[in-house]
Amino acid sequence: MAEANNTTVTLKVHRFTPRPERAERARGGSPFARKSSPFGSGSDSAARRRPRGKQWVQEYTIPARPEDTILDCLLAIKRTVDPTLAFRYSCGHGMCGSDAVAINGTPTLLCTASIRDWAKQPGALPQVDDEGFRHIDNGQDESSDSPADADGAYEATDSLGVIELAPLPGFPPQRDLIADIDPMLNQIRKLTPYLEADGVLATTAEGKVNAFEYLQHPEQLAKYETLSNCIACGVCEGSCPVFAGGDAFIGPAALIWASRFINDSRDTKAMERMDAIDTADGVAACQSVRACSRHCPRGIDVGEEMWQIVAKVRER
Ligand code: SF4
Ligand code: FES
């Protein structure tokens, strides 16, 4: 990240340090507590419980340019200001899905979010009142929440604004901006997220087996190609009010992965896959809120795909 001018950005980071597990908890805790838990008794339920620990909001003001990503800023903070700040990333360009967080309350990826798009003047950010409710100051003119002038230009000494960062909602936080996405990955794993197909043997000129070929027409590919772009980032799950409620719903990401193979003409287990999601916590739990559609970084219309797979399961 270059520091060619004097513009700055302030990041308000919701930080969290878990309390070390006590010995009896590490061994599984009280069996009476487990039986009476409102979260159920499964390992997924245990994983969803919010761990206890120290929580606070820390502000960092650093030099930044409007075109920098928020990941650039966090890396600069980690290298030069506060090495204890914890966040997760890998590819840096929207392909791995490991850096999903809530930016100004909206689930999205750190590496594709620019300062220009997300920085707000402080009054434009939702404020948390004494009772824990979030409000936006209505006295603020929404059109003037960016410090840029009408042409999108910034003064060389401007504050670009404030950005609020929190871990991905709907998942237990592990540390600072890192959320535990195992509940989502476990749900995806349960639905056998790999091709189960009868391949066609391809042979060499000498008649020896060379490889399996899975033959498919372009029209057949088009039915699931977009779905296969899912990177399991969890943004759709962090947006879903039903998924956030606990074990009531296996979640949109797991259904997208099921749908990806159900729509694949090469897969031979479509009926079994539809049986697996035709449950109270499967397609029946989707309330068609469609919040999942708004922020998918891979451009999947998750809500529409949910609708399609619900119809397919009911019609079979
Ligand atoms: S459907 Fe989109 S938002 Fe949901 S996990 Fe996949 S890539 Fe992320
Ligand atoms: S770091 Fe890989 S998607 Fe953002």
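1. Ligand 1 takes up the space of the second largest cavity. A cavity here is a set of points on a 1 Å grid over the protein atoms alone where a 1.4 Å probe fits but cannot get out, and a molecule sits in one if more than half of its atoms lie within 2 Å of its grid points.

2. Bear in mind that this is a predicted model: local features need pLDDT of at least 70, side-chain atom pairs count only at pLDDT 80 or more, and totals for chains, interfaces and linings use all residues. Residues are numbered from 1 along each chain as its sequence is written, chains are lettered from A and ligands numbered from 1 in the order written, and side-chain values use heavy atoms, without hydrogens or water.

3. Around ligand 1 (a heavy atom within 4 Å) you will find C230, I231, A232, C233, G234, V235, C236, A253, C296, P297, R298 and V302. This shell divides into 10 nonpolar residues, one polar and one charged.

4. The protein has 11 helices and 11 strands, taken as DSSP runs (H or I, at least four residues; E, at least two). Of its 316 residues, 40% are buried, meaning under 20% relative accessible area with a 1.4 Å probe, protein chains only; exposed is over 50%, and partly exposed lies in between.

5. Two backbone angles to look at: N104, in the loop between β3 (100–103) and β4 (106–109), has a positive phi near 50° and is buried at 12% relative accessible area. T192, in the loop between α6 (182–190) and β10 (200–203), has a positive phi of about 40° and is partly exposed at 26%.

Conventions. On a 1 Å grid over the protein atoms alone, a cavity is a set of points where a 1.4 Å probe fits but cannot get out, and a pocket is an open set with protein on both sides within 12 Å along at least five of seven lines; lining residues have an atom within 4 Å of a point. Ala, Val, Leu, Ile, Met, Phe, Trp, Tyr, Cys and Pro count as nonpolar, Asp, Glu, Lys and Arg as charged, and the others, Gly among them, as polar.
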